Amino acid sequence: MTFQNLNRRTRLVLTTIWVSGLIGLVLTAIRPHADGNLWRFAMPLAVFIILTTVAELFPVSFELGRYEITVSTVFLVGSILVFRDVPQLAVLTALVAALTANLLARKPWFKVCTNVALAVTAVSVSSIAFGLIGTSDLLHLVSATAALLLVYFVMDTVPMTWLLSAIEDRPFRVTYLNNYQGVVLEHFGIEVFGVLLAVIWHVSPWLTPLLVLPIVIMHQAYFQAERLRTESITALQAMADLIENRDVYTHDHTESVSAWSRRLAERMGLDAREVWKVSVAGRLHDLGKVAVSDSILLKPGKLSADEMRQMHEHCRVGFDVLIKFSNLQGVAHLIRAHHERYDGAGYPDRLASNDIPLGAAIIAIADAFDAMTTNRPYRKGMPVQAALDILRQGLGRQWHPIAGATFMELVLEDEAKKQLPRDGEPRIHGLAS
C-alpha cells in the first residue's frame, strides 16, 4: 500500500500525527533541563536507545485487534524517569530507536514517519505531564508517576486507534474497544515494568540485566500465547477453505459471512471479545460440512428429508471439533446455534428468541444474505433489494428482529455509498451535465 492509495481521511490523520510529532519535538527542545555535563548521560542514553531499538524489532501481533505490541514501552517509560532532569534525552531515545527500527524493517516512508511521530508524541507529552507535577516529595513522585503511566497509555493508544479507524472506515469507539478491551492490564503491566527498570537503574545501572530477563520472558509469553491461538485458528480456517473449495459456487462465502458478521456485531455494540468470536465463527461456520458427503453437499436440486437430516448435522460436527479448543469454546457455541430460528423452528436444538446467542443470530443473517445474493449452479444470485425483502419478511420469525433490521441498515448504507462518486457528492440522474 502506498500513501497515494490511502483515503483522504487517512491522509489527514497521518498528517496530523506527523505535525503532533514535530510539536512534541519543539516543546521538548525548548523545555529547561538541569545544568551540568550532559556527557555523563552518554552511556545510559546509548543503553536505552539500544534496548528500545531491539524491543521495537520484535513486535507481537495480536489477531484479536489486528495490532502489534512491543516491550519497548518498558524502556521508553524507564527513560522518562531516568532522564527526568533532562527530558530531551528520553525523547531522543524514542526518536532514534523508532527511526532505526523502522528503517531496519524496511517500512514505507509514511509508516516510518508515523511510527516515529507516535513514539515522540507519547514520550514528550508523558514527560511533560510528569514534570508538571514534579518530584518534590514522595506524594508528588507517586502522583507524577501515576500521571505518566496514564498519559502514556492514552497517547500510545488513542492516536493509533484514530488512524486505524480512518483506514478501516470504522467508528473510533468500536476500533478502540476491539483493539484494547481485555488487554488494558497487559499494557499497564508493561509500563509498570518501565517504572521498575528506573528504580533498579537508580539503585545501580549494573543491576539492569536482572530485569531484562523477565522482560524477555514476558515478551515470549505474549508471543507464544498469541501464536498458539493464531495457529489454531489458521489451521481450522485452512480446513474450512478445503471444505469451501469442494464447491466452486460457494468460494469466498465464509470470508464474506465473517466480514458481514463482524460489521453487524460492531454496529450492535458487542464488546471486542464477542466481536472477535462472531468474526471467527462466521469464518468457521461451515467447518462441520467436512462430515457431509459430496453427493449431498454438491447436489444441485432440493435435498430429500434424509439428506437434509445429514446436512443439519454439520452444526453439531463443527461444535464437536471446536469445543475441544479451550480458547474457541465460545466460538463453538455460536457455530452450533447459527441455524436456529427466532420462532424455534431451527436446528439442532430448536432454540427460540433470546435463548439463541446473539452472535449466532448475527451469523445466521449474514449467512442467509450471502447465500441469497451468490450464484449457485441451480440459480443465479438474487438482487440485493430482493434479498432484503426476504429478510424483512422473516424478521421475528426466522431471524432476530433487531439484528435483522440493523443488518438491513448496513446493507442500505453500502448501497447508498455505491451511488456516490469519488468526490462524495450524490449523482443526479436524468439531468444533462
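The entries below follow the order in which I looked things up.

**Ground rules**

I am working from a predicted model, in which local features need pLDDT of at least 70, side-chain atom pairs count only at pLDDT 80 or more, and totals for chains, interfaces and linings use all residues. Residue numbers start from 1 along each chain as its sequence is written, and side-chain values use heavy atoms, with hydrogens and water left out.

**Entry 1: helix H6**

I then checked both ends. At the start of H6, a side-chain oxygen of Asp-137 comes to within 3.1 Å of the backbone nitrogen of Leu-139. Just after H6, Asp-169 has a positive phi of about 55°.

A reminder to myself: most residues other than glycine have a negative phi, and most peptide bonds are trans.

Which residues does the cis peptide bond join? I found Tyr-347 and Pro-348, with omega about 10°. Pro-348 sits in the loop between helix H14 (329-336) and helix H15 (358-373).

The loop between H14 and H15 also holds Arg-350. Arg-350 is not a glycine, yet its phi is positive, about 50°. I logged Arg-350 as exposed, at 58% relative accessible area. My cut-offs are under 20% for buried, over 50% for exposed and partly exposed in between (1.4 Å probe, protein chains only).

Arg-106 also went on the list, with a positive phi near 55°. I placed Arg-106 in the loop between helix H4 (87-104) and helix H5 (109-133). Its relative accessibility is 77%, so Arg-106 counts as exposed.

**Entry 2: salt bridges**

Side chains of opposite charge can pair when their charged atoms come close.

I looked up Asp-349 and found a salt bridge to Arg-336, with the closest N and O atoms 2.7 Å apart. Asp-349 lies in the loop between H14 and H15 and Arg-336 in helix H14, so this pair ties together parts that are 13 residues apart in sequence. Asp-349 is partly exposed at 33% relative accessibility. Arg-336 is buried at 17%.

I also noted a network: salt bridges that share partners join Arg-267, Glu-409 and Glu-413.

Next came Arg-263 and Asp-414, whose side chains meet in a salt bridge at 2.7 Å, N to O. Arg-263 lies in helix H10 and Asp-414 in helix H17 (residues 401-418), so the pair ties together parts that are 151 residues apart in sequence. Is Asp-414 buried or exposed? Asp-414 counts as buried, at 18% relative accessibility. Arg-263 is partly exposed at 26%.

Glu-274 and Lys-277 make another salt bridge, 3.2 Å from N to O. They are three residues apart in helix H11 (residues 272-284), so about one helical turn separates them. I logged Glu-274 as partly exposed at 29%. Lys-277 is partly exposed too, at 21%.

**Entry 3: His-253**

I found His-253 in helix H10, residues 253-267. His-253 counts as buried, at 7% relative accessibility.

Which side chains does His-253 contact? I looked for polar contacts (pairs of N or O atoms within 3.5 Å; within protein, one must be able to donate a hydrogen and the other to accept it, and residues adjacent in sequence count only if both atoms are side-chain atoms). The side chain of Asp-367 makes one at 2.8 Å. The side chain of Asp-370 makes another at 2.5 Å.

**Entry 4: a nonpolar patch**

Last, the surface. Val-19, Ile-23, Val-26, Leu-27 and Ile-30 form a nonpolar patch with about 450 Å² of accessible area together. Areas come from the Shrake-Rupley method with a 1.4 Å probe; for residues, only the protein chains shown count as cover. Patch residues have over 30% relative accessible area and no salt bridge; like charges are joined within 9 Å, nonpolar side chains (Val, Leu, Ile, Met, Phe, Trp, Tyr) within 5 Å.

I checked Leu-27 on its own. Leu-27 belongs to helix H1, residues 8-30. Leu-27 counts as partly exposed, at 37% relative accessibility.

Methods
Salt bridge = Lys/Arg side-chain N within 4 Å of Asp/Glu carboxyl O. Helix = DSSP H or I, 4+ residues; strand = E, 2+ residues; numbered from the N terminus.
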